[in-house]
Structures are given as structure tokens and as C-alpha cells.
Amino acid sequence: MSLIVQKFGGTSVSNIDRIRKVALIIKQEIDNGNMSVVVVSAMSGVTNNLVSLAKQLGAFEGDEEYDAIVSSGEQITAGLVAQSLKELGIRSRSFTAWQLPIVTDDSFGKANIKSINTYALKEYVKNGGVPVITGFQGVCDGARVTTFGRGGSDMTAVAISAALGAEICDIYTDVSGVFTADPMIVPNAKIINSIDYTDMLEMSYSGAKVLQSRAVEYAINNDVIMRVKSSFINGEGSIIGHFETKSVVGLALSDNLERISVFFDNEDHFNKIVEFFNENMIKFDISVKTDSYMTIFVNKDELHNITESLQYSGLVRKIEYLTRMNNEPQLSKITIIGHKTPELVEQVELTLQSVNIKARNISQFRTKVIVWVESCCDKIALNAIHNFCIINGND
């Protein structure tokens, strides 16, 4: 008998019919003789609606009330899934994060887990029950609800898996596994049967939306084996663990970017700004760095929080929004992850030229190549590079 953590994302629990389907998937594990602990996201669209409501009243990520507002959707899902399991004759109940509790620091919007009390979960499972836990959230020492950022239910599932010593953490979504590129953009993308932790982390960090990058990092640090599966169709899915990388694994597109210049007084302030980004897990790419300013790309969704926090810190003299101010073309980032040859950069340039696209910049690193193109043609560029690296196998 194995203990398995099953996490179901928003599309998997988008309505009552889908929730009943999820209950049957959980029942299948029970019928196979396994023990299941379930983690759920809010129903599809609910969190976006809550975010919109919060922003209309001036609350943004990092505010205490913002976390209180946007975390409420998971409680509804947890109750509905538990009730659906009861319909099938399975003993079940919902658990909110504070009821366990999952204790975090007070970094609202991007909280870090400090501890998880597993006593209630272990007792409930031992007595034949299936606990259904609200994902995405914890509680800090001040008894305030905290959240783990977008995709944070993945973090909850991995952390629960580590705390319970689960055999595997199954992440159920609306795709069949991890693909070589986003199948909604690249029709001939291939499913990856097994992928190394570090490659998955790079893909998530670079824009692949299948798993939260923080959750993958937590899995690496705690040796949690993950598996991405579909809740819509049967399939083996993709295993994330320790695997050798011998070729280009996949490509990720990041297209929701804003280019800004941050001005500072000295090198010490620059180092503190970079430290601030790292401590707050803000993804950024430096395109220009001088003694007095740096030009960076950041996610548009985080722009308000980034600029507000930097201005409050006293580390910057001013911030310029270059894309808006100079009417520059929007740029997108394509990341090629995995093994590469010295000739790959030149080959990618030639591939783009064959579809009449000029790379704005190409940078080569140890485990990846980053290609910048204008956003108006980023999907064409992604398909062309994918065909070259994956379909034709020219890595």
C-alpha cells in the first residue's frame, strides 16, 4: 500500500461534472489499494475574478488583505471535492491550511513554508479517510492567511508529499504531461516521458506554465518525485526526477514582459537591488548594465509590486518604462533548455532567417540558450526553432 498525493488544478475542478470525475480518479487509487491525500486549486476562473475584485479596491500581491481575498476559492473546491467523495461512499473531509497548520513566514503573496503539522493528516489517512487540502495557502505566526503565488497549489502538494514521505506527487491538469513546448502554440510538440529536475525547473522558470517553478525547486531540495498527468484522459504522464539529459529537452516562451530601466547611485545599491529581486523570487533578465542604471525585463503582472517596492526601498533614483516611453516593439523570450552544441546559436539564427525573423539577441549559457524576438512573431519563431531542435533532432 502506497501513500500518494494527488493535486488537481483549476481546469480539473472547473464545474460539478469535473469534480465528480476527479472523485472517480481518487477512488481508482483507493481501489488499487493506495492511500490518497488530495490537494486542490480554486475552480477555473475563480482566482482571476478574486484578483480583479481585490485590485479594484487597491489591493495588490504583497498586501495582507489581498491574500485573504484570493485564497478563498480553494476552500470552496476542497469542500466540494470532499462531498463528491462522500457521494461515492468514501470517508473524506476538507482541511484548510490553518487547520493543519501549514506555517509560513509573513511574505504575503510569496510565502515560504516553515513547517507542516502532519498529525491530523496521518491520523485521518490511517483511519481510512481521504483528506482534501486547500492548496496555495498557509498561515503565518500572526494568524493571517498567506499565499504561495500563482500556481501555488503545486507548492502545497510537493510540501505535503515531502512532509508525509509520499511515494509520488501526482499533479493533474488539462494536458497529458510535460511537452517539448506549449502544445497550444506548437501543434507538433511531443510529450516528455521523463525529465530531470533541473531541466523542469529551467522550463518552469522560463515560462512553461505546467508547473510552478517554486514547487519544482522544493521538490529538488526534498527529493519528491513528481508526475504530471491529465485528469481528462488516461495516460502515463511525465515523471520529474533524476534523469540524464542528452539532448535539447524543450522550449519555453515568455511573452508577458515589460522592459524598464532602474537607476541607482552606486554598485552597492545595484547589488542590493539584485538581492531584493532574489529574496522576493522576482524573475528578471538584465539586458543592459552600466555604473548608474540597468535595463531589465520583468513580468508585467509583477510590475506594480516591483516598482512600488523598489521606490519604497530607497535604492533607486528613478524607474523608466522603456517599452511605453520609447514606443519600442514588445519583445518575447524563447528559452532552449537542455544539452546544446557550440554551433546551436548560429543554427538558430539561420533557422529564424529561413522564416524571415531576425533575432534581437541570442545568449548562450551552460544549460540553455535564450533568444529574444519581437512579440509580433514570437509564435512563428517558437515553432521554427522547435522544428529544428526537437522534430528534426538538430541539437
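This is a predicted model: local features need pLDDT of at least 70, side-chain atom pairs count only at pLDDT 80 or more; totals for chains, interfaces and linings use all residues.
**Exercise 1. In which loop is aspartate 223 found, and is this residue buried or exposed?**

Solution. The next step concerns the backbone, where phi of aspartate 223 is near 55 degrees, a positive value in a residue other than glycine. Finally, the relative accessibility of aspartate 223 is 54%, and because exposed means over 50%, this residue counts as exposed.

**Exercise 2. Carry out the corresponding analysis for phenylalanine 136.**

Solution. Phenylalanine 136 lies in the loop between β6 (130-134) and β7 (137-140), and its phi is positive, about 80 degrees, although the residue is not a glycine. Its relative accessibility is 8%, and because buried means under 20%, phenylalanine 136 counts as buried.

**Exercise 3. Which residues of helix α2 are buried, and why do they line one face of the helix?**

Solution. Begin with the list for α2 (residues 46-56), whose buried residues are Thr47, Leu50, Val51 and Ala54. Viewed down the axis of α2, these buried residues fall within an arc of 100 degrees, so they line one face of the helix. The cover over the buried residues of α2 includes α3 (64-70) and α4 (72-87). After α2 comes glycine 58, which has a positive phi near 85 degrees.

**Exercise 4. Describe the largest nonpolar core and the surroundings of leucine 211.**

Solution. The largest nonpolar core has 44 residues, and those with the most contacts inside it are Ile160, Met200, Leu211 and Ile240. Helix α6 (residues 152-164) provides the largest share of this core, six residues. When its neighbours within four places in sequence are left aside, leucine 211 is in contact with Asp154, Ile171, Met200, Ser204, Val216, Met226, Val228 and Ile240. A second, separate core of 26 residues includes Phe179, Ile336, Cys377 and Ile390.

**Exercise 5. How do the residues that line the second largest pocket divide into nonpolar, polar and charged?**

Solution. The second largest pocket holds about 430 Å³ of space, and of the 22 residues that line it, the closest to its centre are Glu61, Gly62, Phe108, Asn280 and Ser309. Its lining divides into six nonpolar, nine polar and seven charged residues. As to origin, α9 (267-279) and α10 (303-313) each supply at least two residues of this lining, and the largest share, five residues, comes from α10.

**Exercise 6. Which two residues does a cis peptide bond join, with omega about 0 degrees?**

Solution. The cis peptide bond joins leucine 100 and proline 101, and proline 101 is located in the loop between β3 (92-95) and β4 (102-104).

Note on methods. Residues are numbered from 1 along each chain as its sequence is written. Side-chain values use heavy atoms; hydrogens and water are left out. A nonpolar core is a set of buried Ala, Val, Leu, Ile, Met, Phe, Trp, Tyr and Cys residues joined through side-chain atoms within 4.5 Å. Buried means under 20% relative accessible area, exposed over 50%, partly exposed in between (1.4 Å probe, protein chains only). Helices (H or I, at least four residues) and strands (E, at least two) are DSSP runs, numbered from the N terminus. Contact means heavy atoms within 4.5 Å. On a 1 Å grid over the protein atoms alone, a cavity is a set of points where a 1.4 Å probe fits but cannot get out, and a pocket is an open set with protein on both sides within 12 Å along at least five of seven lines; lining residues have an atom within 4 Å of a point. Grid points are joined across faces, edges and corners, and a volume is the space filled by probe spheres set on the points. Ala, Val, Leu, Ile, Met, Phe, Trp, Tyr, Cys and Pro count as nonpolar, Asp, Glu, Lys and Arg as charged, and the others, Gly among them, as polar. The arc is that of the directions from the helix axis to the C-beta atoms.
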